[in-house]
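Trainee: I would like a close look at a single part of this model. Please take me through it step by step.

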Amino acid sequence: QVQLVESGGGLVQAGGSLRLSCAASGRTRSSYAVGWFRQGPGREREFVVVISGSSDTTYYADSVKGRFTISRDNAKNTVYLQMNSLKPEDTAVYYCAADYKALNYYSNYDSYHWYTYWGQGTQVTVSS
């Protein structure tokens with residue numbers, strides 16, 4: 001089993017930045033892919049970004065390209081989401097998720113069904 005804990009959420013003004021962290025514990029191996037999803041008020045959970053275990057592959061949602069950057073430190077079992085130029089529409093609960101399936105272009109990585117392990121979420125609020 002893998003346990004995931006998100007942190008780093010908070011309240012920020014539009015144009016500001018936040019860095020979220022997703023710390024993994026339990027029976028982990030660095031080969032797991034980690035994705036971030038978000039769910040805004042009255043909206044369905046949507047894909048944000050995913051990174052492979054080796055960090056050589058990443059996929060971003062169009063809505064965050066150029067503003068968000070995902071990275072990971074396998075020595076610390078932690079994945080980071082740097083969010084810059086935040087907009088009010090980025091307001092959501094952000095969840096990290098993980099799975100050991102191989103990540104490639106044909107993976108269903110943008111579907112929450114693809115992931116086995118989930119964190120509890122962290123709230124990000126962007127004020128206008």
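Trainee: Which strands form the open sheet, and in what order do they stand?

Mentor: Keep in mind that this model is predicted. The open sheet has four strands, in the order E1-E3-E8-E7. Their pairing is antiparallel. Now look at the two edges. Strand E1 covers residues 2–7, and strand E7 covers residues 68–73. Each has a single partner strand, so one side of each is left without a neighbour in the sheet. Neighbouring strands of this sheet are turned by 15° against each other on average, direction ignored. Here is a general point about pairing. Strands of a sheet pair through backbone hydrogen bonds, either parallel or antiparallel.

Next, take the pair E3 and E8. Strand E3 spans residues 18–26. Six bridges join E3 to E8, and the two run antiparallel. Find Leu20 and look across: Leu81 in E8 stands opposite.

Stay with E8 and pick out Thr78, which is found in this strand. Is Thr78 buried or exposed? The cut-off for buried is under 20% relative accessible area. Thr78 has 11%, so Thr78 is buried. The side chain of Thr78 has a polar atom 2.9 Å from the backbone oxygen of Lys76. Now check the contacts of Thr78, leaving out residues up to four places away in sequence.

Cys22 forms a disulfide with Cys96, and the sulfur atoms are 2.1 Å apart. A search of the whole structure finds one disulfide. Cys22 lies in strand E3 and Cys96 in strand E9, so the pair ties together parts that are 74 residues apart in sequence. Why is the disulfide called right-handed? The torsion about the S-S bond of Cys22 and Cys96 is about 70°, so the disulfide is right-handed. Both Cys22 and Cys96 are buried.

Now walk along the loop between E8 and E9. Strand E8 covers 78–83, strand E9 covers 92–99, and Thr91 lies in the loop between them. Thr91 is buried, because its relative accessible area is 18% and the cut-off is under 20%. The side chain of Thr91 reaches the backbone oxygen of Pro88 at 2.9 Å.

Strand E4 covers residues 33–39, and five bridges join E4 to E5. The two strands run antiparallel. Phe37 has Phe47 in E5 as its bridge partner. Six residues sit between the strands of this hairpin, and Gly42 takes a positive phi near 70°.

How many residues of strand E5 are buried? Five of the six are, so E5, residues 46–51, is largely enclosed by the rest of the structure. E5 also pairs with strand E6, residues 58–60, in the antiparallel sense over three bridges. There, Ile51 has Thr58 in E6 as its bridge partner. The hairpin of E5 and E6 has six residues between the strands, and Ser55 takes a positive phi near 70°.

Finish with the aromatic rings. A search of the whole structure finds 10 aromatic pairs. Take Tyr59 and Tyr109: the ring centres are 4.4 Å apart and the planes are at 5°, so the pair is stacked. The pair links distant parts of the chain, 50 residues apart. Tyr59 is in strand E6, and Tyr109 is in the loop between E9 and strand E10. Tyr59 counts as buried at 18% relative accessibility, and Tyr109 does at 14%. Tyr115 and Trp118 form an edge-to-face pair, 6.1 Å centre to centre, with 70° between the planes. Tyr115 is buried, with a relative accessible area of 5%. Trp118, at 25%, counts as partly exposed. One aromatic cluster brings several of these residues together: Phe37, Phe47, Tyr59, Tyr95, Tyr109, Trp114, Tyr115 and Trp118.

Notes: Residues are numbered from 1 along each chain as its sequence is written. This is a predicted model: local features need pLDDT of at least 70, side-chain atom pairs count only at pLDDT 80 or more; totals for chains, interfaces and linings use all residues. Side-chain values use heavy atoms; hydrogens and water are left out. Buried means under 20% relative accessible area, exposed over 50%, partly exposed in between (1.4 Å probe, protein chains only). A polar contact is a pair of N or O atoms within 3.5 Å; within protein, one must be able to donate a hydrogen and the other to accept it, and residues adjacent in sequence count only if both atoms are side-chain atoms. Two strands pair if DSSP finds at least two bridges between them. Contact means heavy atoms within 4.5 Å. Axes are lines fitted to C-alpha atoms, for helices over the stretch in contact, and angles run from 0 to 180 degrees between N-to-C directions. A disulfide is a pair of cysteine sulfur atoms within 2.5 Å. Rings of Phe, Tyr and Trp (its six-membered ring) pair if their centres lie within 6.5 Å; planes under 30 degrees apart count as stacked, over 60 as edge-to-face and the rest as tilted.
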